[in-house]
Amino acid sequence: MQYTTQQNKIKNIKIVCSVMLFIALFNNPYSYYQILKWVITIVSGYLANHYFKSSLEGLGWIFVAIAVLYNPIAPIFFERSTWEVINVLTIGVLIYTYRK
């Protein structure tokens, strides 16, 4: 039963992150993008750890890469159009891993 509860929490987190990334495709205040970077970095680190423990190392490394991309402490600077593509790709990864 606890496994199902943890999986449901992970699914809910992925939904929230996907919605936040979708909202980021529109014009928002700079502070929204800063909060988004913190949220995505923390969640990606958590998901990487989860997938490494689940013996899904490939997905773990994908989420490590996402955490590095969105890292607010040592940011990587891209044009807005590049971030839009990265956001859409990240949404795709979250949707792809929704059931894993």
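Predicted model: local features only at pLDDT ≥ 70, side-chain atom pairs only at ≥ 80, totals over all residues.
Good morning. The protein chain before you contains four helices and zero strands. From the N terminus on, its elements follow the order α-α-α-α. The radius of gyration is 13 Å, close to the 13 Å that the globule rule gives for 100 residues, so the chain is as compact as a globular protein of that length. Taken along the principal axes, the C-alpha atoms fill a box of roughly 40 × 20 × 20 Å.

The mean pLDDT of the chain is 95, and 97% of the residues reach 70 or more. Among the elements, helix α3, residues 57-70, has the highest mean pLDDT, at 98, whereas helix α1, residues 2-23, has the lowest, at 91.

Next, the packing. Of the 100 residues in the chain, 34% are buried. Among contacts with a separation of 6 or more, 60% are made by residues 24 or more positions apart.

I turn now to the largest pocket, whose volume is about 360 Å³. Its lining comprises 17 residues, and those closest to the centre are Tyr 30, Tyr 33, Gln 34, Lys 37 and Trp 83. Which helices each supply at least two residues of this lining? They are α2, spanning 30-53, and α4, spanning 80-96. Helix α2 gives the most, with five residues. By class, the lining of this pocket has 11 nonpolar, four charged and two polar residues.

To close, the picture is of four helices without strands, with a largest pocket to whose lining α2 contributes the most. Thank you.

Technical notes
Residues numbered from 1 in each chain as written. Heavy atoms only, no water. 1 Å grid on protein atoms, 1.4 Å probe; cavity = no way out; pocket = protein on both sides within 12 Å on 5 of 7 lines; lining within 4 Å. Points joined across faces, edges and corners; volume = space filled by probe spheres on them. Nonpolar A, V, L, I, M, F, W, Y, C, P; charged D, E, K, R; others polar. pLDDT = per-residue confidence, 0-100. Rg over C-alpha atoms; globule rule 2.2 N^0.38 Å. Buried < 20%, exposed > 50% of the residue type's maximum accessible area, 1.4 Å probe, protein only. Contact = heavy atoms within 4.5 Å.
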